[in-house]
Amino acid sequence: MRSPSWSRPRPLLLLLLLLSPWLVWAQVSATASPSGSPGAPDCPEVCTCVPGGLASCSALSLPAVPAGLSPRLRALLLDHNRVRALPPGAFAGAGALQRLDLHENGLHSVHVRAFWGLGALQLLDLSANQLEALAPGTFAPLRALRNLSLAGNRLARLEPAALGALPLLRSLSLQDNELTALAPGLLGRLPALDALHLRGNPWGCGCALRPLCAWLRRHPLPASEAETVLCVWPGRLTLNPLTAFSDAAFSHCAQPLALRDLAVVYALGPASFLVSLAACLALGSGLTACRARRRRRAAALRLPRPPDPNPDGDPHGCASPADPGSPAAAAQA
């Protein structure tokens, strides 16, 4: 009597049962591969990567930016490390990077070409570091930048040339630095800026604060922050909120020159210098000629007189009677 057909194991079913563990392993590997585990081609060796191009290198005591950044990287987290300086081309190869977090690294030096090649970067966090100055042109390549945080550094002055023209920047964090004023023209090069964080700086109440106060009147701070942004008058202990200053409070300050006035100054400056130089040369030449003429006249007055041919004769040239060669003397002889 034959056994039922279902009791016999079929070859195809046996093959599937044998291969099922390998199929499951292959599926798991394929799913884990795009996550960019450490050592993956698109992930820095010491970092952990997740789908979407995010590389997390936080709190690894890294002394420098990891090498071999992928061109498909979208976000790089380097916070809480020991990156003290950013050399030229520190992020070479990461041209698609959109988010860069470098806060709390003890960073004190940023080369002027450190951010070259990051034209797609939109968010840059440099907060809680030790930056004291920024070289002109540091952020110039970041034309797509929308959020920049320089909070918690040691900046005492921020020049317009350091930020450059950032047409898309909407948020700038400057709190907890050592700023007493913002250089004229800095905010004018940020046309899209609508969020400015300023508290925690020793702002000085004076004429240098005029551009900042004018900007704050057009872009009011939130009430909670406006009360904490204060300035102090030199030699006084009273604090005043920056939002309390109207334009009339700066009426005693000298007005800055307009662009047309600056153009006139720059145009007339060299011309007036050349005219003054020509006048000085002409005056010097005239004085030299007058002195030479006086010296010639004085030399002419000091010349010796020619000897008198008849020192003892009469004024008409007649010989003296005592002259032995005269006819009178001969007759007397």
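Mentor: Contact means heavy atoms within 4.5 Å. The model is predicted, with local features needing pLDDT of at least 70 and side-chain atom pairs 80 or more, while totals for chains, interfaces and linings use all residues. Residues are numbered from 1 along each chain as its sequence is written, and side-chain values use heavy atoms, without hydrogens and water.

Trainee: Which residues is Glu 225 in contact with, leaving aside neighbours within four places in sequence?

Mentor: Start from helix α4, residues 223-226, where Glu 225 lies (helices are DSSP runs of H or I, at least four residues; strands, E, at least two; numbered from the N terminus). Beyond those neighbours, its contacts are Leu 196, His 197, Leu 198 and Arg 199.

Trainee: What is the nearest side chain of opposite charge to Glu 225?

Mentor: Glu 225 is buried (under 20% relative accessible area; exposed is over 50%, partly exposed in between; 1.4 Å probe, protein chains only). It has no salt bridge (a side-chain nitrogen of Lys or Arg within 4 Å of a carboxyl oxygen of Asp or Glu). Lys and Arg count as positive, Asp and Glu as negative, with His and the chain ends not counted. At 4.1 Å, the nearest such side chain is Arg 199.

Trainee: Which residue's backbone nitrogen does the side chain of Glu 225 reach?

Mentor: Glu 225 is in contact with several residues, including His 197 and Leu 198. Its side chain comes to 3.3 Å from the backbone nitrogen of Leu 198.

Trainee: How much of the chain is buried?

Mentor: The chain has six helices and 13 strands. Of its 333 residues, the buried share is 31%.

How values were computed. A polar contact is a pair of N or O atoms within 3.5 Å; within protein, one must be able to donate a hydrogen and the other to accept it, and residues adjacent in sequence count only if both atoms are side-chain atoms.
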